[in-house]
Amino acid sequence: MGVEGIGASVVRKEDKRFITGKGRYVDDIKLLGMTHAHFIRSPHAHAKVKGIDSSAALKMPGVVAVLTGQQIVDDKVGNLICGWAITSKDGSPMKMGAWPAMAPETVRFVGQAVAVVIAETKNLARDAAEAVVVNYEELPAVADVHAAIKSGAPQLHPEAPGNQVYDWVIGDEGATDAAFSKAANVVKLDVTNNRLAPNAMEPRAAIADYDAAEEHFTLYTTSQNPHVARLVLSAFYNIAPEHKLRVIAPDVGGGFGSKIFIYPEEMVALWASKKVGRPVKWTGDRTEAFLTDAHGRDHVTHAEMAFDAQNKILGLKVKTYANFGAYMSLFSSSVPTYLYATLLSGQYNIPAIHAEVIGVYTNTTPVDAYRGAGRPEASYLIERLMETAARQLKVDPAQLRRSNFITQFPHQTPVIMAYDIGDFNASLDAAMKAIDYAGFPARKAKAKADGKLRGIGLSCYIEACGIAPSKAVGSLGAGVGLWESAEVRVNPVGTIEILTGSHSHGQGHETTFCQLVAERLGVPISQVSIVHGDTDKVQFGMGTYGSRSAAVGLTAILKAMEKMESKAKKIAAHALEASEADIVIENGEFKVTGTDKAIALPMVALAAYTAHNLPDGMEPGLKESAFYDPTNFTFPAGTYICELEVDSGTGKTSFVNFVAADDFGRLINPMIVEGQVHGGLVQGIGQALLEHAIYDASGQPVTASFMDYAMPRADDVPSFNLSHTTTLCPGNPLGIKGCGEAGAIGASAAVINAITDAIGTNNLEMPATPDRVWRTIHAA
Amino acid sequence: MYQTTYHRASSVDEAASLFAKGSESKFLAGGQTLLPVMKQRLASPSDVIDLGRIKELQGVELSGDTLTIKAGTIYYDIMTNADVKKAIPAIAHLTSVLGDPAVRYRGTIGGSIANNDPAADFPAALLALGATVKTNKRSISAEDFFQGLFTTALEDGEIITAVSFPVPAKAGYEKMRHPASRFALTGVFVAQTKSGEVRVAATGASQSGVMRVPAIEAALKANWSPSAIDGVSISASGLLADIHGTAEYRANLVKVMAQRAVAAAG
């Protein structure tokens, strides 16, 4: 490791512009002649659109156009797609209703757009929007998943009878039933995984610019994956062929999954830009973010776990209802199936698992991947079950976990995943030591003497990251491959540009990706720049989500680097009159090993581009690219332990300590990893204690602003105690597993396990608000 | 935001005359309520008259047994003021748990009580301490000033200039923060006047806004200690209920916060 190589906590290069206010986000971009869009959104959860009268609005100052859902359908812009096909247990394909970018006939959630006003300024567009008269005929609505599947419930889509999208199963039902029939003990638990609003700091935004002469579109958008956006907009939405559509995702202020998807607003902006012949900008406000950014989680689950007399797990049965909202968002179908049920084995040796997942439409905002996407739901369920089991079986929760840990790798679970490596005992040991687990009973007793309810809770999570082997996900119904591409350009003066299909929206790629180059070439990271987020610059990419950018994206860069280095060594060997095999790269120089003969990288680069004296037959230039497709998922895992006190008078939770022992494989930049873990833990704690996107029975959102939706703040969370145990991932040459989601996946179970330990119950839903905890204490 | 005309007044008199000229004028103090509401297009004043630069509305004075806080004083300046900390430390504490740093640097005591949000912190202090609200026209007792949800005794165009607090023998404020907004999910201010009267006010609890709590006052009058409230029962009837707290929970909080406020008051 050099001072800026792999493993160094290098200060982030990108922070200079971010902390001095010089970031360039979509809303900072202004194009000549730009107009502004304001969407007219349904105030009803379910209604027929009987008519839209825009005559008064069109006469208002600065109004360029009012465009409606019927017009976008008439212009044959495609409906939104769901990119992962799921098959129900009866063999039928999932049942989906159509989702037009603006509703021509029926609105199915509060906030769904029915029309858009295009005007000279944003305020003029808002003024005119108030003059557009939309005639709605209200229909009965349903927001709750159980209510939606009852007979007689309001029906959302004729294509999906009973509001059921699919009824999907995984695992061996017969083997699981057989395991349960042998059980000495069965532990049962009902859990709800609360719906969350993602709330990236930067709201979504788009600018569409149509060039009529070239029949070419440019879209600036808040995307985690601009190439996927271009692919979907071209292939399915009939906007423009790929070579006539450039998608740019500049600085993007957070995504957490919510900016993976291609939303109606981008489609409408592109279409409207061509219609009005001018650039169209839309910047969402916070309320629109609450109403239209894809929500996360929202599962209702019953689970049972069978144990033998020695407290070994025999089997697991799970039945989950997943609320999809009113439409199937881009990757929504995969979240409660292949990203959830495939992780139900947790860190444990479970011989038989059977899970059934029923996907349900409701009159709520669509639900899709949100930090962790399915894996937090799985981890929360398993870790709540293990804690509940320990209490029921009267064994120490750490010991129950330890005695069921998988210790031999690779390990094939009964639910598709093959864990490649891990050391679950090591992370459990590290976390127990960090929190002084052995000393807890004494601390609890002392707290009790002081009138405090103290609890401790464990969470031993595992997740599948670095998504994913294209062949594997293809066989499971994915509509895309999940490889990554990279290009390394060494300029004639020896500076280096790395083009990547990964997208940085807070992850720090502009620093960490340079560290790989510094590590391999011994050049300072100031000589390296990262180019991303523009389909005209980077050939292709699958983007950033699922903790994949280091494990997959950086590995693609490594592959391209290896090709470039190989060519550069040939040039150096030729210049130094040495054998290529004797060339080593150190401190920015190509050296003949064991001698003082060397040639600096800029001279090698210059030789490549002058091409005056290259080895016979060699092409000029020093630029290589690579596509990398992983062979397996990666499996970050770890143990979180939370110790807290509950105030019985108010139900309020106060953290005493929170320790995290993670195994992420190799770390590129420990400081950035620490930041990722902090952010993830805060989101997990936010889910456990504060956050909940709530609808009333009529489908009206109750939490559409920060006055009602409780986002965690700095003083809501403890100072974290982090550590790492390391097993290098064998699936990629850098040994990386990924760290972006772990905190959000593992934290919530640790918190709820600790609160339920403190107050002596197994039944406590998230978020464990003071009111809910107080009522639970005093109901007991 | 709808179009509006902004005026920056340099005196109370000028502010009052500007207000009278507008067809639908609003005073702007710290802007912690008015500006968000305007941005959401829920208010469309023709004229906004900014009181923030009026010097006579700034500052704190301690004179004998009266602490006077001028209406335009921001929370941060109240929280850090030596006279406030000396005379009524419970007010300094209340201000320190009000909102968040951004709110405390903009919001004013006058703006808070003029708005009379049912979960605002300051109304509880005024009511429990028996404060007097001074306006450009008259003096109004806190009892008369607060008239229910977002309703006060203020007449159209009347400007709060200061709030005068009699310095109590003892006072304390404890609050359960609303997890999202940081208003009071329920907050209770307890005070014992120098003449021995006990006054207790709760905010965030009642559907009618800030309220006195006679049962707790009686218990504390008999015995000024947290345990004196143990036997008091607070009815959930008429209390606020929302996703962050049921009426029963708020009833419990009135009691628990009162006990803790007494403990803090000493």
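Biologist: How many salt bridges are there between chain B and chain A?

Modeller: Please keep in mind that this is a predicted model. A salt bridge is counted where a side-chain nitrogen of Lys or Arg lies within 4 Å of a carboxyl oxygen of Asp or Glu, and Arg182(B) with Asp716(A) meets that rule, since their closest N and O atoms are 3.3 Å apart. Between chain B and chain A, the count comes to 7 salt bridges.

Biologist: What area do chain B and chain A bury between them?

Modeller: The two chains touch through 25 residues of chain B and 24 residues of chain A, and 16 residue pairs across this interface are in polar contact, both residues being at pLDDT 80 or more. Carbon and sulfur atoms carry 49% of the buried area, whose total is about 1,900 Å².

Biologist: Which residues lie closest to the centre of the largest cavity?

Modeller: The structure holds 9 cavities of 30 Å³ or more, and the largest has a volume of about 180 Å³. Of the 22 residues lining this largest cavity, the closest to its centre are Trp99(A), Phe109(A), Tyr263(A), Pro264(A) and Thr292(A).

Biologist: How many residues in the lining of the largest cavity are nonpolar?

Modeller: In chain A, domain 1 (31-139 + 201-254 + 259-292) and domain 2 (299-468 + 632-779) each supply at least three residues to this lining. Sorted by kind, the lining of the largest cavity has 3 charged residues and 4 polar ones, while the nonpolar residues number 15.

Note on methods: Residues are numbered from 1 along each chain as its sequence is written. Chains are lettered from A and ligands numbered from 1 in the order in which they are written. This is a predicted model: local features need pLDDT of at least 70, side-chain atom pairs count only at pLDDT 80 or more; totals for chains, interfaces and linings use all residues. Side-chain values use heavy atoms; hydrogens and water are left out. On a 1 Å grid over the protein atoms alone, a cavity is a set of points where a 1.4 Å probe fits but cannot get out, and a pocket is an open set with protein on both sides within 12 Å along at least five of seven lines; lining residues have an atom within 4 Å of a point. Grid points are joined across faces, edges and corners, and a volume is the space filled by probe spheres set on the points. Ala, Val, Leu, Ile, Met, Phe, Trp, Tyr, Cys and Pro count as nonpolar, Asp, Glu, Lys and Arg as charged, and the others, Gly among them, as polar. Domain bounds come from an automatic or database domain assignment. Contact means heavy atoms within 4.5 Å. Buried area is the accessible area (1.4 Å probe) that two parts lose on being put together, summed over both. A polar contact is a pair of N or O atoms within 3.5 Å; within protein, one must be able to donate a hydrogen and the other to accept it, and residues adjacent in sequence count only if both atoms are side-chain atoms.
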